[in-house]
Amino acid sequence: MRKYICLAVTVCASLHGFARSDVNKEDFTQSDRPGDIYKSVILGLEYEVNAGVNIGGASPMPLPAEIRQINSYSPHLNLQIGTTVTKWFGQDKKWGVASGFRFETKGMETNANVKNYGMEIIQDGKKLSGKWTGKVQTKYHTQQLTIPITAVYRINDRWKLNFGPYLAYAFSNEFDGYVHDGYLREGDPTGNKVSFEDDAKATYDFGSELRKFQWGLQLGGSWHVLKRLSVNANLTWGLNDIFVRSFKTVSFNMYPIYLNVGFGYIF
């Protein structure tokens, strides 16, 4: 966590450095009042407090052969709140760079029909691993601190676009559920068959195998409804698997893909 905080401090310091370079040195000599110096340092920066919801999920791309059908999907209520600081360049302020912080939740719940799906279940206190064929109920939930670092382009007074990478640290992770209406082949598809019929279920929990650190790309836009009120939409696409590299039970990569929709207040 320490290195991500240091990165965030470095980004904010850089933005303030850009702002300081735009200030006329005479402004500091004309007055020694702390208030005047502070106003000069932050000249050229735009501050925004924003909130919204995340809609999406963690998914393999493309869907592997093991997943035969998605029976149900619930995105859950994934809230986000954060701040964004933008440094604009030039007289027309068409281009800028933005960074900030977001505290957000991401999650989903799905039910799918699968075949030869890598699985480790718990039955009567004993772990069984192998290939599952049947139905899988999955719940994914994570709470993260996210730091986007994006280039910003202002189309006009009302519209602006942003694009760039983001870094995220998860301080809470869950990935669990249960299997039902099917059977497990222990070890491989030809192993001993363990059936679950009628109301029989077996649980699984892969939460400890989720990554703490994630990164990806963000693409979005903002519309100024009023002078200080904006409506924002950002698509974030994770570029590393949500599971740690050493985890081999799930045989395919899963990537967090979310659309964030919300509003912001600009200072």
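This is a predicted model: local features need pLDDT of at least 70, side-chain atom pairs count only at pLDDT 80 or more; totals for chains, interfaces and linings use all residues.

Modeller: Happy to! Of the 267 residues in the chain, 43% are buried.

Now for the empty space. Rolling a probe the size of a water molecule over the atoms shows where such space is left. When the whole structure is searched, two cavities of 30 Å³ or more turn up. The largest cavity holds about 360 Å³ of space. Its lining is made of 26 residues, and those nearest the centre are Asn 50, Thr 84, Asn 162, Gln 218 and Asn 234. The elements that give two or more residues to this lining are strands E1 (45-59), E3 (78-89), E4 (95-123), E5 (126-154), E6 (159-186), E8 (213-224), E9 (229-238) and E10 (255-266). If you sort the lining of the largest cavity by class, you get seven nonpolar, 15 polar and four charged residues.

The largest pocket contains about 300 Å³ of space. It is lined by 18 residues, and Ala 58, Ile 67, Ile 70, Met 108 and Thr 110 lie nearest the centre of this pocket. Two or more lining residues come from each of E1, strand E2 (67-74), E4 and E5. Strand E4 gives the most, with five residues. By class, the lining of the largest pocket has 14 nonpolar residues, four polar ones and no charged ones.

The second largest pocket has about 210 Å³ of space. Among the residues that line it are Gly 44, Leu 45, Glu 46, Trp 88 and Lys 93, and also Arg 154, Lys 227, Arg 228, Ile 266 and Phe 267. Here the classes are four nonpolar, one polar and five charged residues.

Let us stay a moment with strand E4, where Phe 103 is found. Phe 103 has a relative accessible area of 47%, so it counts as partly exposed. Along the chain, Phe 103 and Ala 51 are 52 residues apart, and their C-alpha atoms are separated by 9.5 Å.

Finally, step outside to the surface. A nonpolar patch there is formed by Met 61, Phe 163, Trp 215, Leu 217, Leu 219, Leu 235, Trp 237, Leu 239, Leu 259 and Val 261, which together have about 870 Å² of accessible area. The elements that give two or more residues to the patch are E8, E9 and E10, and the largest share, three residues, comes from E8. One member, Leu 239, sits in the loop between E9 and E10.

Methods: Residues are numbered from 1 along each chain as its sequence is written. Side-chain values use heavy atoms; hydrogens and water are left out. On a 1 Å grid over the protein atoms alone, a cavity is a set of points where a 1.4 Å probe fits but cannot get out, and a pocket is an open set with protein on both sides within 12 Å along at least five of seven lines; lining residues have an atom within 4 Å of a point. Grid points are joined across faces, edges and corners, and a volume is the space filled by probe spheres set on the points. Helices (H or I, at least four residues) and strands (E, at least two) are DSSP runs, numbered from the N terminus. Ala, Val, Leu, Ile, Met, Phe, Trp, Tyr, Cys and Pro count as nonpolar, Asp, Glu, Lys and Arg as charged, and the others, Gly among them, as polar. Patches are made of residues with over 30% relative accessible area and no salt bridge: like charges are joined within 9 Å, nonpolar side chains (Val, Leu, Ile, Met, Phe, Trp, Tyr) within 5 Å. Accessible areas come from the Shrake-Rupley method with a 1.4 Å probe; for residues, only the protein chains shown count as cover. A salt bridge is a side-chain nitrogen of Lys or Arg within 4 Å of a carboxyl oxygen of Asp or Glu. Buried means under 20% relative accessible area, exposed over 50%, partly exposed in between (1.4 Å probe, protein chains only).
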